[in-house]
Amino acid sequence: MKVRVTEDRFSVDEALSYVSCREAGAYVVFLGRVREHSRGKTVKKLVYEVYEEMALNEMEKIRKEALEKFGIIDMLIWHRVGELPVGEDTILVIAVSPHREKAFEACMWAVDEVKHRVPVWKREVTDEGVFWIEGERAIPDR
Amino acid sequence: MRIKLRYFARYRSLVGKGEEELEVPDGITVRELIDILRERHPVLKNEVFAEDDDLADVNVSRNGRYVRFDEMLEDGDVVALFPPVSGG
């Protein structure tokens, strides 16, 4: 499965097995994790929710656009949902190409596109309260 | 015609439910649907559409795809309203 929304932990090895091929010499792997500090606050956990049907649809569109735009061989995009404490994996993007340049560019581009387009939202649970994160804004949860 | 509405993230929390069905006039646009929702859910009017033309931060999808505000809706459409996304 090259696009996936899941509550389960990622296995990077399993992910690589879906996109491995003999023509590829470069596998750029981006693994996002929950960070302890955000906007000056101490984060306890993130709570992700998703519009799953649409998210999978958008992730597949980003994947196909990346293949076309950068001429890479393959791409995988996975996203976690649910309650994720500090240190947990949140997103995994793998770009596969004969050479590293295009793979790095495509991976960077795809992570940015996911952050802008895929309907996933997080709430930050911090030592100063709970905040909805909407783009760049943090709005207190009442 | 009948439209199924879905609300996500903070909007779901404001409306107090994740989905509802609504009978609306045939052939209305997304923008006209939003006007109906403003009246139906004053909390959206106050918290989301605070200014008259403040739709910049509101995302709308129709049957799982992003949609323009001038697009016309059809019977049975699933329309979702949600805030700017924050995945990654």
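Okay, a definition to start: two strands pair if DSSP finds at least two bridges between them. Strands here are DSSP runs of E, at least two residues long, and helices are runs of H or I, at least four residues, with both numbered from the N terminus.

A bit of housekeeping. This is a predicted model, where local features need pLDDT of at least 70, side-chain atom pairs count only at pLDDT 80 or more, and totals for chains, interfaces and linings use all residues. Residues are numbered from 1 along each chain as its sequence is written, while chains are lettered from A and ligands numbered from 1 in the order in which they are written.

So, chain A. Take the hairpin of β3(A) and β4(A): there are 2 residues between the strands, and Arg39(A) takes a positive phi near 50°. The strands themselves, β3 (37-38) and β4 (41-50), run antiparallel over 2 bridges, and His37(A) sits opposite Thr42(A).

Who else does β4(A) pair with? One partner is β8(A), residues 120-126, antiparallel over 7 bridges; there, Val43(A) is bridged to Thr126(A). Another is β6(A), residues 82-85, also antiparallel, over 4 bridges, with Val47(A) and Glu83(A) as bridge partners.

Now over to the chain contact. Counting residues whose C-beta atoms, placed from the backbone, lie within 7 Å, we get 13 residues from chain B and 24 from chain A. On the chain B side, α1 (9-15) and β5 (78-82) are the elements that each give two or more residues. That side divides into 7 nonpolar, 5 polar and 1 charged, where nonpolar means Ala, Val, Leu, Ile, Met, Phe, Trp, Tyr, Cys and Pro, charged means Asp, Glu, Lys and Arg, and the others, Gly among them, are polar.

Conventions:
Contact = placed C-beta atoms within 7 Å.
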